[in-house]
Amino acid sequence: LWPSAVSPKHCTSVLSAAPATHRCPRDCGAVNSRRATLSAGPADSPPVHTAAVDLAPRARQPPRRASPSRLARARQPPPAMAELVSDAPGAAEKSKETFEPPMSLAQSVFRHGRNPTPASEKEILDLVTQRQMAPYYARVCAAFGISKDESLYAKMKDANAAEIAALAAKKEDAEANQGDMEVLDALFDAAKYHARIGDRDGAYAACDVIVERPKISTGKRIDAVMLKIRVALFFDDVGNAKKQLEDARRLAADGGDWDRNNRLSAYESAYLIVTRDLKGAAKKLLGGVATFTCVELCTYPEFVFYAVVTNVLALPRPDLKKRIIDSPEVLQVIKQIPHLSTLVESLYNCEYSVYFASLLEIEKVLLDDRYFSQHTRYVIRELRVLVYTQFLDAYKTVTLSSMAAAFGVSVEFIDGELARFISCGRLNAKVDKVDNVVHTTRADLKSKKYQEIIKSGDVLNRISSWRVSCRSNRDCFL
């Protein structure tokens, strides 16, 4: 709607002329799948894109039968994530900058560790040789049992020593003949070069020199700490990454600008995924989709992939529709990511057989990702619990055969899945094996809270009685 200052005679509504599927006239890429209206203001004002809202409550839809063509699309093999195109805001400008170390190399090394092939080994060694990464070359050869070429290693090592000496001379010249900014640039060049060649300890030490240097801005200290975080993530040094993230948060609270805070949030998201705090990562990832500039950590399609997977587990169903399925930023790239849009849409539309087929393909993508790989089994299990809970919430009783048909699996499989999750307390249901019927139970939140309080009270009572007995018998303190 237009502001109240605008006269009502300037506002007109076009209701009947709006098509069923309307694309925004500003070419923003957003598509409104429901009824749309265009509210036109004054001649010099841009059109406003609004959507009509159904006020009547929608009844829960029964599970849909997926068509064979949709199932076939869900089972298509996925392309490599690195081949996807990035349309992130500001990504083109950031991609021109040089950031070290290259996270794409760490991803290639990880995939080679899972599925070693001569082609992937050659690709990694060629890139390491081209960048003259002598320390990383020795690490890769030791990790994969590759015979090290001593002459090549010595040549790269000599080249690294010569470059480090040149950078040290540049720093000395800046200290003698130039100003503080030139000295700081020389220190950053040295730190970036150590990160470039895969010298983890050298990069850590060079970054510490910058952070401990007096009379430099908080922003430059944050840059040095974030470089150290990238090196820690590159080498899977989770302990050091945690410490550096704490230092970066403290510095950002003192005087970090918007861009550094935005990139730091992406770094925290990667760390939270590695440590399996998916709900914490989901909030930060979803907030950074519209303002992504952290191209040094991952590509924009990878970032959207992380955001969608974590938020499918974290968001309730209405918010999933609003913030993921209908999000303009997500819609820009989600079709490029194989099987991801099918997974989310089939979950929302209750197409459970399509959901299961997409889940099998998403598992392969998760296994190939260096952040998600170690948590793939956990993520897939939680996604199955989520869809079983959504299905059973619509019924009071349902037969095992009907549930198996909805998911496109056998009765034996669904029986084993339900037995496992019910016994662990993840599903509020009971299985009647005599009639092959699943009875759902509604969780009583008040009773659950009461039982938790009683349980905690019993523990406190035991501790209190133990302290009383210790006071009566002072020998227990000796």
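In β8, Val-438 is the bridge partner of Val-431. The strands β7 and β8 pair in the antiparallel sense over four bridges, where pairing requires that DSSP find at least two bridges between two strands. Strands (E, at least two residues) and helices (H or I, at least four) are DSSP runs, numbered from the N terminus. The hairpin of β7 and β8 has four residues between the strands, and in this hairpin Asn-436 takes a positive phi near 55 degrees.

The model is predicted: local features need pLDDT of at least 70 and side-chain atom pairs count only at pLDDT 80 or more, while totals for chains, interfaces and linings use all residues. Residues are numbered from 1 along each chain as its sequence is written, and side-chain values use heavy atoms, with hydrogens and water left out.

Strand β8 (residues 437–440) also runs antiparallel to β6, to which three bridges join it. The table lists bridge partners in β8.

| Residue | Bridge partner in β8 |
|---|---|
| Val-398 | Val-438 |
| Thr-399 | Val-437 |
| Val-431 | Val-438 |

The three strands form an open sheet in the order β6-β8-β7, with antiparallel pairing. β6 (397–399) and β7 (429–432) are the edge strands, each with a single partner strand, so one side of each has no neighbour in the sheet. Direction ignored, neighbouring strands of this sheet are turned by 20 degrees against each other on average. Helix α19 (residues 400–407) packs on the sheet and touches β6, β7 and β8; its direction makes about 75 degrees with that of β6. Contact here means heavy atoms within 4.5 Å. Axes are lines fitted to C-alpha atoms, for helices over the stretch in contact, and angles run from 0 to 180 degrees between N-to-C directions.

The loop between α18 (376–392) and β6 holds Ala-394. This residue is partly exposed, at 37% relative accessibility; buried means under 20% relative accessible area, exposed over 50%, and partly exposed in between (1.4 Å probe, protein chains only). Ala-394 lies 46 residues from Thr-440 in sequence, and the two are 9.3 Å apart in space, C-alpha to C-alpha.

A helix pair is found elsewhere in the chain. Helix α9 (residues 218–234) and helix α10 (residues 238–255) have axes that come within 9 Å and cross at roughly 160 degrees. α9 is therefore roughly antiparallel to α10, a label for angles over 145 degrees. The crossing of α9 past α10 is left-handed, meaning that the near helix is turned anticlockwise from the far one by less than a right angle. Residues of α9 that meet α10 include Ile-222, Val-225, Ile-229 and Leu-233, and those on the α10 side include Leu-245, Ala-248, Leu-251 and Ala-252.

A search of the whole structure finds zero disulfides, a disulfide being a pair of cysteine sulfur atoms within 2.5 Å. For Cys-298, the closest cysteine sulfur is in Cys-294, 6.4 Å away, which is too far for a bond. Cys-298 is buried, at 8% relative accessibility. Cys-207 is buried as well, with a relative accessible area of 1%.

Overall, the protein has 21 helices and eight strands. Of its 478 residues, 41% count as buried. Among contacts between residues at least 6 apart in sequence, 62% join residues at least 24 apart.

Conventions: Angles under 35 degrees count as roughly parallel, over 145 as roughly antiparallel, 65 to 115 as roughly perpendicular and the rest as oblique.
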